[in-house]
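Let's get to know a new structure together. Have a look at it first, then read on.

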Amino acid sequence: MTSQITYDDKTVRRFMSASIIWGIVGMIVGVLAATQLSWWQMNGKFLEAITFGLFKGEGLSYITFGRIRPLHTNAVIFAFVGNMVFAGVYYSTQRLCKCRTASDLLSAIHFWGWQLIIVSAAITLPIGLTRSKEYAELIWPINIAVVVIWIVFGANFFWTLAKRNEKSLYVSLWFYIATIVTIALLYVVNHLSIPTSLTHSYPLFGGVQDALVQWWYGHNAVAFFLTTPILGIMYYFIPKAAERPVYSYRLSIIHFWALVFIYIWAGPHHLLNTALPHWLQILGMLFSLMLWAPSWAGMLNGLLTLRGAWDKLRTDPVIKFFAVAVTFYGMATFEGPLLSIRAVNSLSHYTDWTVGHVHSGALGWNGFMAAGMFYWLAPRLWKTKLWSTSLANFHFWIGLVGILLYVASMWVAGVTQGLMLAETNTGGATLKYEFVETLRQINALYIIRSIGGTFYLVGFLLCAFNIFMTARSGKAVDDTCEVTLLEKTKKDTMSLGESLRQDPVIYAVLAVAFMILWFLLPHHADKAALAVTLILIAKAVSLFKKDSRTWSQYFDRLLENYLPFTVLIFFAVAIGGVVQIIPSLLVNKSANMEERLQIPYTPLELEGRDIFVSEGCYNCHSQMIRTLVPDVMRYGPTPEQGYSRMGESLYDFPHQWGSKRTGPDLAREGGALVAGSQTMRSGRRDNLWHFNHFWDPRQTSPGSNMPPYPFLYDTKADFKTLPKRIATMTFLGVPYPKMSKDAIEQSARDQAMEISAALVKAGAFIPNKTELTETELMRQLAESKVVALIAYMQKVGSYEALDHERKPSALDPDTIRDAGTKPAPATTSNK
């Protein structure tokens with residue numbers, strides 16, 4: 001029985017248009033952020049000048065680097081690439097299933113809901129509402145909206161699969177399924193939070209546990225939002241554009257299952273040489289290295305699909321974009337495992353080398369795949385020819401030059417800075433360069449990066465104009481197609497039990513189980529587990545060679561049953577998270593800490609920490625001294641303190657280990673409590689230094705590219721919500737003593753007044769408010785955010801040194817109050 005169907009291409013046009021618009025917005029913000037690293041005036045002073053004072057005071061806070069950097073990343077990832085993915089998924093899924101999307105209503109809810117989420121992010125991030133977790137900054141009400149809309153998307157997708165008129169699932173659909181299932185798992189777990197208000201929450205995980213969960217999510221957000229769906233799009237659109245079949249179906253099977261299983265384990269490579277347990281670091285590095293094989297299998301499958309169509313490279317911009325995009329995928333997936341090697345990572349991590357790596361994937365792989373897809377889709381969605389092939393070709397070349405300038409400058413900047421930071425003077429006892437000297441050295445490369453980003457932005461502006469003119473020259477028409485309806489008895493007949501009772505599944509599960517035991521069992525027993533793993537693999541290979549047809553028939557049947565196929569994908573991706581995260585849940589407790597235990601923040605210091613998070617300071621400053629000699633020499637600051645231990649960040653919700661050092665590490669800014677006493681080492685710098693630094697960083701650190709924060713001196717701290725925040729932290733396990741709401745607020749005010757009085761006594765003044773008396777100035781400062789932030793800076797990284805023979809206990813109120821809160825003697829003046 002046949003039937004004529006009309007595809008829902010309206011939704012495709014909507015998502016494609018939104019992707020182009022949001023992509024341009026995200027790239028504009030990215031160029032602004034890039035220029036801010038070369039010229040600190042771009043954080044507001046320049047705009048204040050050219051707008052004749054329109055942007056002043058608090059208004060400048062909206063465009064500081066710390067606030068717009070997450071706006072840029074979220075706009076590019078979720079708005080630009082996200083909308084592009086949805087356009088590609090909606091277009092290809094309907095054709096691969098030979099049916100219209102199951103529900104037009106769900107499609108509309110998905111589109112408008114996603115755009116509303118993007119607008120909400122564009123409003124909340126610049127005003128400082130953030131969770132400070134990379135690629136997961138959005139506040140909890142928006143996160144709930146993301147989950148709801150993702151469920152809508154998933155329901156519509158799987159409903160469409162159930163209605164399909166094509167018996168078997170094509171390879172693109174495998175990657176779409178993996179994306180939907182895995183992103184749901186990752187997003188929910190990493191965003192588990194306890195709200196303290198409508199706009200604020202604390203994550204359920206803290207310290208090393210939060211770092212592990214964050215990079216389990218962060219790495220795999222790249223894998224399953226920026227890679228797997230794009231691979232699905234590659235497997236559909238490249239054969240269409242080249243008019244050639246996929247080079248190797250068997251290679252696509254290996255590519256898919258190896259990638260889906262291995263990728264999820266690699267997150268810990270973002271935390272090498274840190275306080276993360278050593279076995280997790282090794283696990284992350286090994287699986288990252290294993291990613292070379294499936295990643296390059298996919299790259300080669302994509303490039304070899306173009307065999308016989310290379311002549312089109314001269315004339316067809318779509319083929320140009322696709323060919324270079326897949327090449328950049330290969331480059332990025334070669335570089336990723338390379339950077340996960342501990343020796344290489346010790347040089348690259350916290351530098352711009354990582355930034356270059358990320359952008360080679362984002363601009364080269366995601367951006368060029370998007371452009372190629374747009375140019376291929378536009379004539380078909382509006383039933384006309386592409387308005388200008390020449391303009392598309394120009395977009396390709398200016399975009400390619402932009403990528404190369406961007407990535408090359410960041411590679412050189414990263415290696416240069418990494419080498420300079422590790423270089424010692426003759427004798428090796430002291431470091432040769434101060435941090436700010438490395439910034440001066442690489443500033444020219446930052447300017448080249450800005451130029452490259454601008455070229456890339458110009459290319460997408462040309463793309464937007466070309467697509468707009470194409471749409472104007474044609475007419476929006478939905479495709480129709482005559483299809484043969486598929487009977488229900490010819491699809492989805494395999495039960496879940498039947499799918500699990502097959503040799504491929506049984507041997508895979510057993511091999512993975514013993515591989516895990518290899519990592520977890522004690523000495524000698526681990527070797528036995530490894531031996532069993534190898535025996536199981538050998539046995540499975542033997543069975544496959546003996547009767548490969550049975551295994552092939554099983555997989556063919558599995559592809560005709562989307563629910564068992566989806567369940568197997570879920571198990572493949574979930575096992576890695578379970579093995580890595582659950583052990584950390586068991587050990588990340590104060591009773592298990594050795595050597596050091598973090599001292600809880602006072603109410604004022606907690607408010608200061610929330611301000612630190614709100615201003616996005618984590619984008620430029622780490623709080624993790626790695627187990628590397630140059631790190632210890634630079635940030636120690638004393639040999640006995642050395643590198644950071646796990647217990648030093650136990651009560652940090654969220655963790656602040658960071659991923660990039662545009663400024664120096666802050667893990668030793670506070671003090672340390674000596675074991676068995678109440679003797680506190682004061683902070684590295686006095687209160688007045690911090691006061692002057694936040695007003696004008698160049699006053700205390702000549703050559704710094706940090707933005708000034710004058711608005712912190714006028715904006716009041718939020719003392720009213722502190723009791724709720726303290727209660728939440730107590731629930732999460734921070735050993736606060738019992739305090740009434742009034743006592744909490746009064747404690748914060750008393751400490752703020754103490755710091756303010758010391759500042760005024762030391763000669764502090766606000767340049768634009770010199771008319772204030774000392775008493776008025778003291779009262780204003782005591783209410784301000786800057787004093788709360790100073791309190792936090794004097795406490796950050798403070799820990800109690802533990803005797804090995806005793807267990808840590810909850811600190812009494814006096815200990816918490818006194819540890820690191822008294823201002824150090826003033827030694828500098830701003831006059």
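This is a predicted model: local features need pLDDT of at least 70, side-chain atom pairs count only at pLDDT 80 or more; totals for chains, interfaces and linings use all residues.

Student: What share of the residues is buried?

Tutor: Buried means under 20% relative accessible area, with a 1.4 Å probe and protein chains only. Out of 831 residues in the protein, the buried share is 59%.

Student: Which residues have the most contacts inside the largest nonpolar core?

Tutor: A nonpolar core is a set of buried Ala, Val, Leu, Ile, Met, Phe, Trp, Tyr and Cys residues joined through side-chain atoms within 4.5 Å. The largest one here has 223 residues, and the most contacts inside it belong to W114, F374 and F565.

Student: Which helix gives the most to this core?

Tutor: Helices are DSSP runs (H or I, at least four residues), numbered from the N terminus. With 18 residues, the top giver is the one spanning residues 65–97, helix α3.

Student: Why does this core lie between domain 1 and domain 2?

Tutor: Domain bounds come from an automatic or database domain assignment. The core lies between domain 1 (496–592) and domain 2 (596–801) because residues come from both.

Student: How many residues does the other core have?

Tutor: That core lies apart from the largest one, and L421, L439, I625 and Y635 are among its members. Its residue count is six.

Technical notes
Residues are numbered from 1 along each chain as its sequence is written. Side-chain values use heavy atoms; hydrogens and water are left out. Buried means under 20% relative accessible area, exposed over 50%, partly exposed in between (1.4 Å probe, protein chains only). Helices (H or I, at least four residues) and strands (E, at least two) are DSSP runs, numbered from the N terminus.
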